[in-house]
Each structure stands twice: as structure tokens, then as C-alpha cells.
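Please look through the sequence and the structure shown below before reading on.

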Amino acid sequence: MKNRFILPILAVCLAFPSAVFAHTRGAEAVGFLSGLKHPVSGLDHVLAMIAVGLWGAQLGAPAVWLLPVTFPIVMAFGGMLGLIGVKLPGIEMCIALSAFALGVAVFREARPNLWVAALTVGFFAIFHGHAHGTELPPGSDGLLYSIGFVIATGALHATGIGIGVIHRWSAGRICLRAAGAIVAAAGIVFLWQAGRPHL
Amino acid sequence: MFALAPEAHAHLTTSGLGPFYDGLTHPFVTPEDLLPLVALSVLAGLRGARFGRFVLFALPGAWLVGSAVGLVITSPALIAATRTVVTITLGALVAADVRLPLASVASLAIVFGLFSGGLSGMDLARTQSGALIVAGGACAFFVVVALLAACVVSLRSQWARIATRVAGSWIAASGLFMLGWALHKG
């Protein structure tokens with residue numbers, strides 16, 4: 001009987017040569033782990049990323065995979081803009097707004113055209129990426145940090161999609177709408193925090 | 001293009017196990033090489049076994065040629081920039097699941113192999129065990145393509161194929177950050 005998991009396991013083992021990681025160039029491990037942790041360090045990021053997955057699950061195919069495919073690329077574009085010094089106005093406000101808007105979309109089970117949903121997600125992705133791109137901790141490897149938070153962001157989307165599977169049941173749909181309401185309420189709090197004058 | 005080049009510093013690894021193993025482990029600790037290698041393997045796998053078989057030999061072969069050329073040329077900027085563009089392109093192609101003809105996939109494999117090998121060759125010019133390191137690197141490329149393309153070829157469920165497209169988007173995103181970091185340092 002063929003074991004279809006042998007090859008993937010072998011590939012993963014080859015991809016992580018422990019002997020070599022003992023001889024890293026500098027702060028690569030720190031950079032990758034920092035990047036992995038960064039998206040989960042802010043509740044606004046976490047809720048928005050999960051909401052993307054929830055909304056995608058509600059919309060069904062092809063949105064359920066199109067949104068998580070689109071988001072990282074557009075987010076990286078925003079990150080690139082941040083890295084090269086392009087300033088975007090109202091980063092924190094837009095990040096907060098993303099949590100609110102996506103939460104409302106989940107709460108209302110909004111079903112716009114696919115391109116509208118993709119544009120909405122893409123618009124907010126730019127601001128999330130820009131924020132990540134300008135927040136590299138000192139002493140870290142930039143590229144590995146970036147790879148880390150791309151992976152973490154994707155994992156958050158997958159979490160949202162996984163939770164969103166419950167929408168196939170009527171009780172699950174209610175739970176999802178409640179989750180959307182919570183995310184939207186949190187978005188209002190984030191908007192207030194972002195908008196209040198800093199003393 | 002020169003302004004886009006990431007810092008092409010000496011990036012050969014020291015595994016402590018000898019030059020062959022230094023070369024063998026090099027792609028796995030160099031994300032600038034690993035990301036496009038993974039993307040290319042997945043792209044070939046998505047197109048089928050025939051494509052995978054071609055890339056399996058074309059990529060390490062091109063890498064060997066590129067390494068040899070890199071021993072004598074000294075302009076890493078353009079080469080590093082090309083590799084970044086190839087990374088973004090490969091990731092985007094996987095994400096879009098574009099059904100490219102064999103000639104296109106082969107061209108991408110050869111271009112990536114040549115430029116990645118070229119950069120390694122430039123670093124090898126400063127070492128004494130270049131041949132073994134190159135051999136190890138080529139073996140690593142061969143093994144990754146063999147395993148990864150075979151995994152992707154064997155995928156049957158639609159969700160598995162979608163997961164590979166998501167991985168492609170991550171690679172394209174990482175490539176965009178490579179570009180961003182290159183411009184940031186420049």
C-alpha cells in the first residue's frame with residue numbers, strides 16, 4: 001500500500017537541515033520568528049485576517065480561495081511601498097476600518113460581486129502590508145521576517161476559513177454572523193483608538 | 001535593474017560536514033533561492049509529469065552552467081535583480097495556475113538555474129572546493145524538484161490544488177518583499 005505521506009514528510013525533513021541552522025549567517029531565525037509572530041501581535045490584524053477567511057467561507061467558491069490568494073500578494077505590495085518609503089495616509093485608521101468593514105460583511109453575509117469582494121480585501125491588504133513593512137524589529141533579517149508574516153497571515157486566513165465551514169449549518173450561520181458582529185464592534189473600538197488625539 | 005538588485009553578499013553556508021554538504025544545504029538556507037525553486041517545482045508539478053521530468057534535469061543543468069559562468073563574471077547586481085523578478089513571476093504563475101506550454105516552463109527553469117547558479121558561482125570563486133559545492137547544490141535542486149513536483153503531480157483533490165495556489169501567492173508575496181528590501185537597502 002502506497003503511503004502518500006512519505007514524500008511530503010521527506011521533503012519537509014530535507015527542507016530543515018538542523019546542522020546548517022546551527023551556522024546561520026546572523027539573525028535569520030530571529031527574523032523569521034519575529035515575522036511569524038508579528039501578525040498575531042495586534043488584535044486588529046488578527047481579527048481582520050480571520051474575518052477575510054470567514055467572509056470567504058460565507059461567499060463560497062471561488063471567493064473562499066481567491067481572497068486568501070489575493071490578500072498576501074496585495075499585502076506584500078503594500079509592504080513594498082512601506083519599505084521604499086512611500087507614505088500612505090491613515091494607516092492605523094484603515095487597518096481599524098478593515099476590521100469594522102469585514103466584520104460588517106460577515107455579519108450581514110454580504111454577497112457582492114467577486115471583483116468587489118476582491119477589491120475590498122485588496123484595498124485593506126495594502127494598509128496591513130504597509131504597516132508590517134515598516135515595523136521590522138532591529139537586528140532581524142528582513143526577508144525572513146517578511147516570509148514569516150506572510151505565512152502567519154495565510155495561517156490566520158486558513159483559521160477563518162476553517163471556522164467558516166460551520167456556515168453549512170443554520171446554527172453555524174448564526175454563530176458566524178455573531179462573530180462578524182464582534183469583529184465589527186472591535187473595529188469600532190480600534191477606530192476610536194486610532195482616531196483619538198495622541199497626547 | 002541595477003538599482004533593484006538585493007545585496008549579493010557571500011551567501012554560501014558552512015555546514016561543518018564538508019563542501020559537498022555545504023552545497024547541498026545551500027538552497028535550504030537561502031530563501032532567495034529556495035522560494036523560486038519551490039515555486040518552479042510546484043509549477044512543473046501542476047502542469048504534469050512531463051513538465052516535471054523536464055525541469056528535473058533542466059534546472060540543475062542550468063544551475064551547473066550558471067555556476068561555471070559565475071566563476072568568471074563579476075556583476076551580481078543584474079543577476080540578483082533577475083532572480084527576484086523570476087521569483088515573483090513564478091509565484092504569480094503558480095497562484096494563477098496558468099497553463100503554460102512546456103517551452104515557457106522550460107525557459108523559466110533555465111533562466112532561474114542560470115542566474116541562481118551564476119550568483120553562487122561568483123561566491124565560489126572565493127573558495128577552494130568549488131566543484132564539490134556546485135555538485136552538492138545541483139543535487140539539492142534535483143532532489144527538491146523530484147520530491148516536490150512528484151507530490152504536486154500526485155495531488156488529486158481540488159482543495160490540494162488550491163492549497164498549492166495559495167502557496168504560490170505566498171511565494172510571489174515574498175518575492176515582492178525581496179524587491180522591497182532591495183530598494184530599501186539601495
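## The nonpolar core

Which residues touch the most other members of the largest nonpolar core? In this predicted model, that core has 121 residues, and the ones that touch the most other members are Ala51(A), Leu40(B) and Val55(B). Helix α5 of chain A, residues 63-83, supplies the largest share of this core, namely 15 residues.

One of these residues can be followed further through its contacts. When neighbours within four places in sequence are left aside, Val55(B) is in contact with Leu40(B), Ala44(B), Val105(B), Ala109(B), Val145(B) and Ala149(B).

## The two chains

Chain A has nine helices and zero strands, so that its pattern, read along the sequence, is α-α-α-α-α-α-α-α-α. Of its 199 residues, 50% count as buried. Among the contacts in chain A between residues at least 6 apart in sequence, 89% join residues at least 24 apart.

Chain B, for its part, has seven helices and zero strands, and its sequence follows the pattern α-α-α-α-α-α-α. Buried residues make up 58% of the 186 residues of chain B, and residues 24 or more positions apart account for 88% of its contacts with a separation of 6 or more.

Helix α4 of chain A covers residues 43-59, and its 17 residues reach 24 Å from the first C-alpha to the last, which is close to the 24 Å expected at 1.5 Å a residue. Because 16 of the 17 residues of α4(A) are buried, this helix is largely enclosed by the rest of the structure.

After α4(A) comes Gly60(A), whose phi is positive, near 80 degrees. A cis peptide bond then joins Ala61(A) and Pro62(A), with omega at about -5 degrees, and Pro62(A) has its place in the loop between α4 and α5 of chain A.

## Helix α9 of chain A

Helix α9 of chain A, residues 170-195, has 26 residues that should span 38 Å at 1.5 Å a residue, and the 37 Å between its end C-alpha atoms agrees with that. The buried residues in α9(A) are Leu176(A), Ala179(A), Gly180(A), Val183(A), Ala184(A), Ala186(A), Gly187(A) and Phe190(A). An α-helix has 3.6 residues a turn, so residues three or four places apart point the same way. The buried residues of α9(A) pack against α4, α6 (91-107) and α8 (142-164) of chain A.

## A helix crossing in chain B

Two packed helices are described by the angle between their axes and the distance between the axes. For helix α2 (residues 31-47) and helix α4 (residues 76-96) of chain B, the axes come within 9 Å and cross at roughly 35 degrees, and the crossing of α2(B) and α4(B) is left-handed.

On the side of α2(B), the contact is made by Glu32(B), Leu35(B), Pro36(B), Ala39(B), Leu40(B), Val42(B), Leu43(B) and Leu46(B), while α4(B) contributes Arg83(B), Val86(B), Thr87(B), Leu90(B), Gly91(B), Leu93(B) and Val94(B). The residues of this contact divide into eleven nonpolar, two polar and two charged. Leu40(B), which takes part in this contact, is also one of the residues that touch the most other members of the largest nonpolar core.

## Residues in the loops

Glu109(A), in the loop between α6 and α7 (114-133) of chain A, has a phi near 50 degrees, a positive value in a residue other than glycine. With 14 other C-beta atoms within 10 Å, Glu109(A) is partly exposed. In chain B, Asp97(B) likewise has a positive phi, of about 50 degrees, although it is not a glycine; its place is in the loop between α4 and α5 (102-124). Asp97(B) has 15 other C-beta atoms within 10 Å and is partly exposed.

Ser129(B) is found in the loop between α5 and α6 (130-153) of chain B, and with 15 C-beta neighbours inside 10 Å this residue counts as partly exposed. The C-alpha atoms of Ser129(B) and Ala167(B) are separated by 35 Å, the two residues being 38 residues apart along the chain.

Technical notes: Residues numbered from 1 in each chain as written. Chains lettered and ligands numbered in written order. Predicted model: local features only at pLDDT ≥ 70, side-chain atom pairs only at ≥ 80, totals over all residues. Helix = DSSP H or I, 4+ residues; strand = E, 2+ residues; numbered from the N terminus. Expected span 1.5 Å × (residues − 1). Buried ≥ 20, exposed ≤ 12 C-beta atoms within 10 Å, placed from the backbone. Core = buried A, V, L, I, M, F, W, Y, C linked by C-beta atoms within 7 Å. Contact = placed C-beta atoms within 7 Å. Axes fitted to C-alpha atoms, helices over the stretch in contact; angles between N-to-C directions. Left-handed = near helix turned anticlockwise from the far one by under 90°. Nonpolar A, V, L, I, M, F, W, Y, C, P; charged D, E, K, R; others polar.
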